[in-house]
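User: Could you walk me through the side-chain contacts in this protein? I'm new to this, so please go slowly.

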Amino acid sequence: GSSLARVWPRDVEVAFSLDPGVTELDVDYLEGEEAVASARVRSPGGEAPVVRHVVRLQPGTYEARITVYGPDDRAVEHAKVLVVPAEGLTRFDLKEATTRFE
């Protein structure tokens, strides 16, 4: 049983803090170079938008490749590290990344 617990997939809640004006974000969770999970999330808008989602992953370290879309569908890419299992909510602050739309 304990060996299964080390590889059993678990739900991880992830929150992204975004600047106002962000319309959407795409995130791929990579293990090595392979995407093992993906999500597309629309921003709720407002003064300090935060979007959340739950991803099911096996224990390990993943690269979260995130594309943030702003006005006129301009995009900024960002990469973060996600370690599973994670205690509680994992937060990624993308405000800095979302102010440099090109």
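What follows is a talk about aromatic pairs and salt bridges.

Analyst: This is a predicted model, in which local features need pLDDT of at least 70 and side-chain atom pairs count only at pLDDT 80 or more, while totals for chains, interfaces and linings use all residues. Residues are numbered from 1 along each chain as its sequence is written, and side-chain values use heavy atoms, with hydrogens and water left out.

User: Okay, how many aromatic pairs does the count come to?

Analyst: The count comes to 1 aromatic pair, where rings of Phe, Tyr and Trp (its six-membered ring) pair if their centres lie within 6.5 Å, and planes under 30 degrees apart count as stacked, over 60 as edge-to-face and the rest as tilted. The ring centres of phenylalanine 16 and phenylalanine 92 are 5.8 Å apart and the planes are at 45 degrees, so this pair is tilted.

User: And where do phenylalanine 16 and phenylalanine 92 lie?

Analyst: Phenylalanine 16 is in strand E1 (residues 10-17) and phenylalanine 92 is in strand E7 (residues 90-93), so the pair ties together parts that are 76 residues apart in sequence. Strands (E, at least two residues) are DSSP runs, numbered from the N terminus.

User: What about glutamate 13, which residue does it form a salt bridge with?

Analyst: Glutamate 13 forms a salt bridge with arginine 52, with the closest N and O atoms 3.2 Å apart. Glutamate 13 lies in strand E1 and arginine 52 in strand E4, so parts that are 39 residues apart in sequence are tied together.

User: Which residues are linked in a network of salt bridges?

Analyst: The network of salt bridges links Glu24, Asp26, Arg40 and Arg42. Within it, the side chains of arginine 42 and glutamate 24 meet at 2.8 Å, N to O. Arginine 42 counts as exposed at 61% relative accessibility, whereas glutamate 24 is buried, with a relative accessible area of 10%.

Terms used. Helices (H or I, at least four residues) and strands (E, at least two) are DSSP runs, numbered from the N terminus. A salt bridge is a side-chain nitrogen of Lys or Arg within 4 Å of a carboxyl oxygen of Asp or Glu. Buried means under 20% relative accessible area, exposed over 50%, partly exposed in between (1.4 Å probe, protein chains only).
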